[in-house]
Amino acid sequence: MPTLALLTLLLASTTALAAPPHVARLVGNFHETEAVDVNVSGSVIVGVASASAVGGKAVQSLQLLHAPSPDKRQVCLTLQSRDGVYYSRNTFELPAGSAGSVVRIPYDRSSRLDRLARYGGDELAMRATAGSCETSSNQYYVLEAAAAKPPESIRVFVNSFGATDVFHSSGRGKSSACTPVGEGRRTAFDYWCEIPWPRGGGNKLAVEIQRERFGRDMPPVSLTLFLKSGS
Amino acid sequence: MAAPSPAPAAAMSGSRWTRFWNGCNRISAFIVFVWESALWLSAFIMLPLLIVGFIALLIAALFFWSPSWYYSVSARSEAVSLSLPAERETSWRIEGAIVCSTEPLPALAPAEGDDVPCGSRRWLAYRLPAGEEQVLVLGGASAPGSVIEVGFETRSERGLMVSIRGGGDDAGIGMLRLIDQGSDLPVRGQINLVWPDAVGSRNLVFPFIADRVRVGRDVTWSDSSLLREGRMEIFTASDESLSKRTRIEETELLPGDQIRLERYEGETPLQPKGFLRLDRAHAGEAPGTLTAVVFGRAERVKIERFGDSGYDFRPPWWAGISQNLWLVALSTLIAGLLGLLGGYAAIRDIHARSPNKAWAAFRRPCTDTDARASRRGRR
C-alpha cells in the first residue's frame, strides 16, 4: 500500500513536470509570414531564450518562465529566422494566478511547423517581451523548451548592424565577447551572446549589449530579463 | 612466212576478257557483299549500340559525372570579409596604417591625438615607422582548424578599415614584420588597421587563400557599405581552349548583392583564392571601393539580393552534357552514321526509280490508250 501511494505521487510529480498547468491564450488572430521578400529591418535584440530552447523544434514545446510579479499579463512573442524569411509576431495573455510559474505558449496555430523544425540552433531567434505587440519594451521573458530544471544559460541573439565586436555584461560582471555567426545568411541577426544563468540571484537580471565598429563604440542596448523565481 | 592467224589471238583475247569479267564480277560481288554487310551492321547493330551507349552516357553525365565548376567573381565592393585558415601564412604590406591593438606592441610608437581612429579605451593605438616597409603576417600557427576572421570596409577619403580577429582574446594571430629593422613583433588578441585617408599612401593589395570569402554585405537600414557592381562567371576545365577553361555562364551583380564562396570539400579540396585591391591614386570617389577578384570551386554559389531570399547561380543542366567530350563524340558519331545511312537509302531509292523506269512507266498508259483507240478505229 505505501508502494502504491509512492508510485502515485511519483506519477503525479512527473506529469506536473511534463506539462505545466498554465497555458497562455492567443490574443487576436495568429500572424506569421514566410516570404521570399525578406524582412531587412529590425531591432538589435532579436532573440532571448534558454540555450536549450533554440532551433525550430523548440517552438512545439515552448514555455515561458513567468516573472513572479509581472507588471503586465500580456507578452509579445516574436520569431524570426536568421535568413529573414520567416517572421511571426503575436500577443499572448498569461493566465491569472500564473505569476512565478511556468506557462506554456501554444504555438499550434502555425501552418509552417514542419518548415520551422528544419531551422537549426543558430537559425531561429525567439523573444517574448512584456506587454502586447503594440507596445515596445526592453523587458524580456526567457523562453524555454523544457522547464523541468533551471537552464544553464540564456542565449541572446543580436543584430549587430555592422559591428565588428559585440560584448555582453550582466550585473557587476565584466564584459564577455559574443560569438559571431560565421556561416549562412545573416539578415536578421549575426551574433549570439551566451549569458550564464545567475544562481541565487533575484527575479530580474539587467544585461547590457555593447557593440563596436572598428573600435568605435556604437550605442549600447540595455535589457531586463525576467528570471524564474527560486532558481 | 605465213601471216599469223587472227583466230587464236581472238580466242586468247576473248578468254582473257572472259576471265577478267568473270573475276571482276566476283570481285564486284564481293565488294557489294561487304558493303551490304557493313550497311546492315551499321543499321542494325552499330546504331542501336551507339544509341544505347549515348543514353547510358547521358544518364551518367546528368546524375553521376559532374564536371568541375569554377566560379570567378570580379566586383567593386565597400565591404569584404575573409576567413583565413590559421595554419596558412598570409602576408600583407601595411605601410601607412594606424595599428589598433588590444595587446601592447612595445616596439611601436603610440599614436596620440584627436585624430587617432582607434576608438574606445580598450584599444591601444600605434603608428608604424614612416618610410619603412612593414609586413603583417597572419596565421602560420600550428592550430589546424582555427580561422582568423578579417573584415574590410572602406571609409571616406579613400581610407580603409580592417578588423582582424583570432580564435580567442589572447590567441596569437601572427606577427608584424618590420623589414628595415629586421625584427618581428608577435601580434596577439585583436587588431584593427586603419588607413584614415589616401594622403601620402600607396595602393593596397591583399592577396589571400581563404576558407570563406564574402563579397558585399546584407543591406540594412543602418549600414551603407555594400557591393557596388560586379560580375560572376562559371568556368569549367577544358583542353580545347588555349586558356584551358571554357566559360559556361555569366551574370551581372547588382548593387547590394552579397556573394559567398567557401572551401570546396571534394576529393581534392580547394580553397577560394584571390586578392583585394584598393586603388587610392584616383580621388573623387568617396568612399573608395575595393576591387575584389576571387576564384573558387563550388557546385553552386548563392547570390543574396536585397529584398529576396537569394538564388543559386549554377550552371544550366545541359552544361554538364555539352562539356562531356565522350558524349559529344558519340552524338557526332550517331548523327554521322544516321546521315550516312539516310543518304545512302535516299540515293538507292532514287536509283531504283531511274529515269528509264520512270519513262517506261510514263509510256505504259499511253500505249494502252493508243491500242484501245486503234481498236475503236478498226471497228
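Two residues are in contact if their C-beta atoms, placed from the backbone, lie within 7 Å. With that in hand, here are some close-ups. This is a predicted model, where local features need pLDDT of at least 70, side-chain atom pairs count only at pLDDT 80 or more, and totals for chains, interfaces and linings use all residues. Residues are numbered from 1 along each chain as its sequence is written, while chains are lettered from A and ligands numbered from 1 in the order in which they are written.

**View 1. Chain B as a whole.** Among contacts in chain B between residues at least 6 apart in sequence, 72% join residues at least 24 apart. Chain B has four helices and 21 strands; helices (H or I, at least four residues) and strands (E, at least two) are DSSP runs, numbered from the N terminus. Of its 379 residues, 28% are buried, meaning that 20 or more other C-beta atoms lie within 10 Å of the residue's own, with C-beta atoms placed from the backbone. The average pLDDT (the predictor's confidence in each residue, from 0 to 100) is 82 for chain B, and 84% of the residues score at least 70. Where pLDDT is low, the predicted coordinates should not be read in detail.

**View 2. Helix H3 of chain B.** This helix covers residues 325-352, 28 residues in all. From first C-alpha to last it reaches 40 Å, close to the 40 Å expected at 1.5 Å a residue; the expected span is 1.5 Å times one less than the number of residues. Is H3(B) buried or in the open? The number of buried residues in H3(B) is zero, so it lies largely in the open.

**View 3. An open sheet in chain B.** Four strands line up in the order S3-S7-S10-S11 (chain B), with antiparallel pairing; two strands pair if DSSP finds at least two bridges between them. Strand S3 (90-93) and strand S11 (183-188) of chain B stand at the edges with a single partner strand each, so one side of each is left without a neighbour in the sheet. S3(B) meets strand S7 (residues 134-138) of chain B over four bridges, in the antiparallel sense. Look for B:Thr90, whose bridge partner in S7(B) is B:Leu138.

**View 4. Strand S7 of chain A and its two faces.** In a regular strand the side chains alternate between the two faces of the sheet. Along S7(A), residues 86-93, A:Tyr86, A:Ser88, A:Asn90 and A:Phe92 point to one face and are buried.

**View 5. The partners of S7(A).** In the hairpin of S6(A) and S7(A), with four residues between the strands, A:Gly84 takes a positive phi near 80°. Strand S2 (residues 25-27) of chain A also pairs with S7(A), antiparallel over three bridges, and A:Val27 stands opposite A:Thr91.

**View 6. Where the chains meet.** The contact takes 20 residues from chain A and 23 residues from chain B. The predictor gives the complex an ipTM of 0.73 and a pTM of 0.74.

How values were computed
A residue is buried if 20 or more other C-beta atoms lie within 10 Å of its own, exposed if 12 or fewer, and partly exposed in between; C-beta atoms are placed from the backbone.
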